[in-house]
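Let's walk through this one together, starting with a sheet and ending with a pair of helices. Have the viewer open as you read.

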Amino acid sequence: MEAGSSGCSARTLAACVVGGGIVLGASVLALHLSGPVSIPSLPPVDALRRRFRRRPVRVYMDGCFDMMHYGHCNALRQARALGDELIVGVISDEEIKANKGPPVTPMHERMIMVGAVKWVDDIIPDAPYAITEDFMNKLFNEYNIDYIIHGDDPCLLPDGTDAYALAKKAGRYKQIKRTEGVSTTDIVGTNSALVFPFLLLQCRVHADSRIVYIDGAFDLFHAGHVEILRLARELGDFLLVGIHTDQTISSTRGRHRPIMNLHERSLSVLACRYVDEVIIGAPWDVSKDMITTFNISLVVHGTIAENMDFMQDDSNPYAVPMAMGIYHRLESPLDITTSTIIRRIVANHEAYQKRNEKKEASEKKYYEGKRFVNGE
């Protein structure tokens, strides 16, 4: 272009829409303006983003979630990773009884447990044990579910058929890895606990945060635990949970406790959406040094626990926070303890024994035909 002429010399001027956003790129090697230039107007950035925005991928996973444990939580974590939103179906008491035997924890407690898992976005109560054609269409059309998720372990109906056959046939089924080493069957039949070494996780908090501390065994993590943690979290900005060692629990509650070891109990507590951090292997006594180290503002305890006699003991573990005026007693919403769960198991021992025998046969078949699952 000669000097004095009007126009624009530009090698490239491009507008690209990438991933729902706008990237305006001009690889302008020689831009020379000597007069007014008319450049086509582009739509507003927000309008273009809305136009190209991807709908969230919604995935569905169902289960009994009886005696919720870290294996359930890990399954939900894996399922959530396959989409943007995780919708969980909680199977009804009646369906569980018809297909597996009586559940240890009733429907309303299982709903509390599943709802407290930090990877769950919504819950469908009274889900069927088998994915029927009607229910599958309801998931796809009413709940906008893209994929139905289940572990790589078998889920068979009493007649031996696959509970997820229709979802697989529809091409809307995805599989995740099962968490080895734990199941409700294992917990119901367990008689011992392993010992894990002391470990302290460094608390990630701001100096001005109101930190609430609560401790306990959290054995056979249940709805009573979840509800007291929810109330404790509401009292501050950050909930720090102390989990006692196996040795500490055995010394205060007998050699047959805990049922779940320290590692297993810690994983269950960490999966709870109300918990910000844990101290694995927390000391029995809440000391002044501990309160200072973690900048604890309030120490709380529920009214329902395995043993409330410590309040009258000379060695009251909460003596220091009480003297400092930072101890608060929370009214426990549910009258449930680990002993409550154990009594339920004992009361239905025969039914659970039959269920376990059936499960063992299914487990053997699963391991004989097990294949690698990439989780995609």
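**A helix over the sheet**

Start with helix α10, residues 262-270, which lies across β9 (238-244) and β10 and runs at about 165° to β9. Keep in mind that you're looking at a predicted model.

Now for the sheet itself. β9 and β10 belong to an open sheet of five strands, and its order reads β10-β9-β8-β11-β12, with parallel pairing. So who sits at the edges? Those places go to β10 (277-282) and β12 (327-330); each has a single partner strand, so one side of each is left without a neighbour in the sheet. Going from one strand to the next, the twist averages 30°.

Next, pick out β8 and β11 from that order. Strand β8 covers residues 211-216 and strand β11 covers residues 296-302, and the two pair in the parallel sense over three bridges. If you want a place to look, go to Ile211: its bridge partner in β11 is Ile296.

As for handedness, α4 passes α8 in a left-handed crossing.

Which residues do the touching? From α4 come Glu109, Ile112 and Met113, and they meet Ala223, Val226 and Glu227 in α8.

Conventions: Residues numbered from 1 in each chain as written. Predicted model: local features only at pLDDT ≥ 70, side-chain atom pairs only at ≥ 80, totals over all residues. Heavy atoms only, no water. Left-handed = near helix turned anticlockwise from the far one by under 90°. Helix = DSSP H or I, 4+ residues; strand = E, 2+ residues; numbered from the N terminus. Contact = heavy atoms within 4.5 Å. Pairing = 2+ DSSP bridges. Axes fitted to C-alpha atoms, helices over the stretch in contact; angles between N-to-C directions.
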